[in-house]
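Here are my notes from going through the model, as numbered points. Have the structure open while you read.

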Amino acid sequence: MGSAVDVRLGVLGPLRAEVDGREAPLGGPRQRSVLATLIIARGAVVTADRIVSQVWEGSRTPSPTTLHACVSGLRRVLEPRRAARAPAGLLVREGPGYALRIDPAAVDAEEFAELAVRGRRALDAGEPEGAQELLGRALALWRGPAYADLADAGFAAPERARLEELRATAAEDRLAAAVRSGQHGAAVGELEAMVAEQPLRERGWELLALALYRSGRQAEALAALRTLRRRLADDLGIEPGAGPRAMEAAILAQDPVLLAAPAGRPRPGTVTATGAAAGSATGAAVTTGTAPHPAAASAAAAFPAGAPDSPVRALPVPASPAPAATATATGPRARTSARSAAAPVHGNLPFATSGLVGRGTDLAAVGGLLAEHRLVTLTGPGGVGKTRLALEAARARADTDGPWLVELAGLHAPELLAATCATALGLPPTGSTDRLAVLLGGRSTLLVLDNCEHLLPSAAELVHTLLARCGGLRILATSREPLTVEGEAVLEVPPLPAATDAAELFCRRAAAAQPGWAPGPRERVRITGLCAGLDGIPLAVELAAAQFRTLSVGQIADALDDRFTLLTSAAAGRPARHRALYDTIAWSDQLLQPAERRLFHRLGVLAAGFDLETAAAVTDVTPVLAPLSALVRKSLLTVEPGSAPRRYRMLDTVRHYARNALAPGELARAERRHRAWALARAEHDEPRLRGPQGARLLDGLGRDRAEFRAAFASALAAGDADHALRLGGALFWYWFRRGPVTEGLAWLDKALAAAPDADPGTRARARFAHAGLSYLAGQTVPAHRAARTAAREARQAGDLVTEASALTYAAYFGALAGAPAGAAGLARTGVALARRTALRWLEAETLMVQGMLKRVLGDLPGADAVLREAVTAARSCGHDWAADGAAWCAMKTTSDRGDGAGALAIAGDVLAGMDRYGDAPFWLVTAHSAARALVLTGRPEEAAVLMGAVEAIGGQAGVSPESMDPLDGPREAAAVRRALPAQEYERHAARGRTLSREEAGALLAGLVAGR
């Protein structure tokens, strides 16, 4: 899209588009639906198959040209100045699908969400006037229901529900700001209309009651809350949540905090008190006409912010405040003694509605920690099961008093912590932690504080005070980061193992959604992969299983790339932050400081584990240590156990969220930094891979394999094929030694095809890498051709190192491919060039290849001499692979002479080096040659087992010793097959095919040693 074209999209009402300020025609329903799927994806690629399945759901599948016509029509409308056949800039084709590359600020839903978040933050910061302005602007963007003209489109339903929930919350926030800023009288009418329209949203009733109370209409305030109680009982059969109940208790006590102004911002003629609940709209200007009842002495009211995720579950509410003997509240309903309120009773834990899967070890750990420590905090990412584990651990106790659950997710006013705890415990409302400690007195009980992360400093202070003054109290807290209170024991709750507990959880929940279903063998495999893709997070697994009513296991697994659209649930009773996987992580995101959030989102471009240096390189956040440490504390990053230096990792689901949070421009910049880091990483290590540090460096490159894959993908998607070529050349030796041959060839094929005019030196190194991997794959003719081309390109670029290698290997590959003419001369030229470079490793490697070529050509004495020279050169510089390659060649020659025992003795030395380097391809060819030597020593059964193992392991790695070594490999295989009857050979080989790489290695080591 040209920069001169201004495109804006609207979904908050009927779908609409404006191009250069004028509304553009979007065509018929199908074409509009195609655009809607891309808007909902927020810049991510949507496959063509998925677009068709969503837009034409329930209809006959159209031809591919139908979708193409819709896309073309949208491009004509949205990019009217694009020249014919010019690449699209807005609605682009990428891989198997399409993506909409538009600035999020140009979509009204994104603009609305940004303003709503800013408004809520202003409200939380005690700036109600600013919050009103921002939230008013946000709500003014709505022209009707979201995606109003696509009301029947099933694919848009989750997004419509998400936006409508945000709209309702923003409307509540705006009215909360109005009440907080002293406009409670004017807000009453709007609040009455709000609760009439949405009678089951508790927060609106809380705000209405508060506005009425501040307007001097106390009886009406209580009547409103009682109306809510009646509606919930009649419609849902449940009690109001903690917020409305605490509000009712505060009104009955005529608590002064109901009339308090925002902390730090007194207004003329007001009563000033400490902070108020963000979003509950406490703290407005107070006139003398609305002063609290003179008999009310309670310091705070136990009402939370009433956020939309307030839990709906009955908590005990005292019938009245305590008498003067304990809390001096002498209102007309104050009759209950503190002693009776504190009498030992069974607690308020909810009954479990489903069976717990797994967690036996974790439950035992929590129980053990509670026995030793008075404060135990369960940490971990959202949805990992902290609350469920805490409740199960609490239920397992035999306390006569309690345990007591205090749910804090809906509380946003730290000063109301003590009052909320008091309400949950059945104590008189009190805003004083000290007073709460007095009321708890000598009770011996367990207090479960659930979801402390957003109230961390205040929660830590309350916990410290209660533990210091209540010797019989134990506290079990859940939080996404520790409370850091002295004496705290922290247990990080792990995800469920994907193959066992997580898979079992999925199966149980899916069977509940579709009674009578039982998974077959293939489904079990898909379920295990699905649970692994969801990181074993119980919430994600349960949300996925909830989709089983309408989707198959395969469909659910295939949709994980769009997991935040898929994994939603409207299950009654589930907190709103847990009704969608996106909201669970967004809850943590909202609690981050700006630098932490910036780092968190940018780390989403990383594909796997990383260290501190990598984090600094791929992001633009400096310094990086402090915000990264905060992300670890807040359970958005995990530390890889035992890593030194420390390595960190994001759960895959968290990474998807972080990456999706970046605007397209920010994502492109982050990916460029990531690609630059990946290339620098590979090119820095590549020159030292053939030296003494080689094994350690190869291990390091293996740890970052996922990052290199991501760098290749983003480079090719961004049209940066030169980068992909350079990266492929730098990673050649890693692929060659560690065995991901098919993967390396695939990336190199794409890069070479995408960059036909690249610098010849860059192409030469990538082409030589392609030749070497083609050789391992048994493609000797293509390997020979690619090596000769690489030599020509390297000569053109003046790259002696690549030219020497390419010439020598071209000679050897040519002989293997049946074209030995001129091979000896090419090899001599390659060795001479290698010596000119003064690189000892290169000289050793070219000598090794020359010696192998002489053996192929029948010059055994010449081969022995050159191979001895190669070993000497290799040992002098630590290039063990070249020495081992020469020894492998000598091993085959020894077998040719009929000396099986001598060949196995050589194999023992070679295999030690292969194991040290984790060399998969040459372990396979050495094992293949060793099988022939075993036949020569009279052990054909063991040889057949080994051949079966080589066949299976080689198939997984994309390496075939018979194809890679076309002269000796078939002879070796035939020697083993001839040594046994066909059925006997197959029986032993079949046993070998069941062995893992480690098991086969142990078997071979024992055979070589004669055991």
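1. Tyr147 is buried, since its relative accessible area is 1% (buried means under 20% relative accessible area, exposed over 50%, partly exposed in between, with a 1.4 Å probe and protein chains only). Tyr147 sits in the loop between helix H5 (128-140) and helix H6 (157-180), and its phi is near 50 degrees, a positive value in a residue other than glycine. Elements here are DSSP runs numbered from the N terminus: helices are H or I with at least four residues, strands are E with at least two. One caution: this is a predicted model, where local features need pLDDT of at least 70 and side-chain atom pairs count only at pLDDT 80 or more, while totals for chains, interfaces and linings use all residues. Residues are numbered from 1 along each chain as its sequence is written, and side-chain values use heavy atoms, with hydrogens and water left out.

2. For background, most residues other than glycine have a negative phi, and most peptide bonds are trans.

3. On to the peptide bonds. The one from Gly402 to Pro403 is cis, with omega near 0 degrees, and Pro403 lies in the loop between H13 and E8. Thr622 and Pro623 are also joined by a cis peptide bond, with omega about -10 degrees; Pro623 is found in the loop between helix H24 (612-618) and helix H25 (625-633).

4. What is the strand order in the open sheet? Five strands make up this sheet, in the order E8-E9-E10-E7-E11, with parallel pairing (two strands pair if DSSP finds at least two bridges between them). Strand E8 (404-407) and strand E11 (488-492) are the edges, each pairing on one side only. On average, neighbouring strands of the sheet are turned by 20 degrees against each other, direction ignored.

5. Strand E7 (residues 375-379) and strand E10 (residues 473-478) pair in the parallel sense over four bridges, with Leu476 in E10 as the bridge partner of Val376. E8 and E9 run parallel and are joined by four bridges; there, Trp404 has Leu447 of E9 as its bridge partner.

6. Helix H13 is mostly covered, with seven of its 10 residues buried. Helix H8 (residues 202-214) and helix H9 (residues 218-235) have axes that come within 7 Å and cross at roughly 165 degrees (axes are lines fitted to C-alpha atoms, for helices over the stretch in contact, and angles run from 0 to 180 degrees between N-to-C directions). H8 and H9 are therefore roughly antiparallel to each other (under 35 degrees counts as roughly parallel, over 145 as roughly antiparallel, 65 to 115 as roughly perpendicular and the rest as oblique). Leu210 lies in H8 and counts as buried at 0% relative accessibility. The C-alpha atoms of Leu210 and Ala221 are 6.9 Å apart, with 11 residues along the chain from one to the other.

7. Helix H17 (residues 498-513) packs with helix H19 (residues 538-546) at an angle of about 35 degrees, their axes 8 Å apart. The contact involves residues including Leu505, Phe506 and Arg509 of H17 and Val541 and Glu542 of H19.

8. Last, the hairpin. Strand E1 (residues 7-10) and strand E2 (residues 16-19) run antiparallel and are joined by four bridges, with Val7 opposite Val19 in E2. Five residues lie between E1 and E2, and Gly13 in the turn has a positive phi of about 135 degrees.

Methods. Contact means heavy atoms within 4.5 Å.
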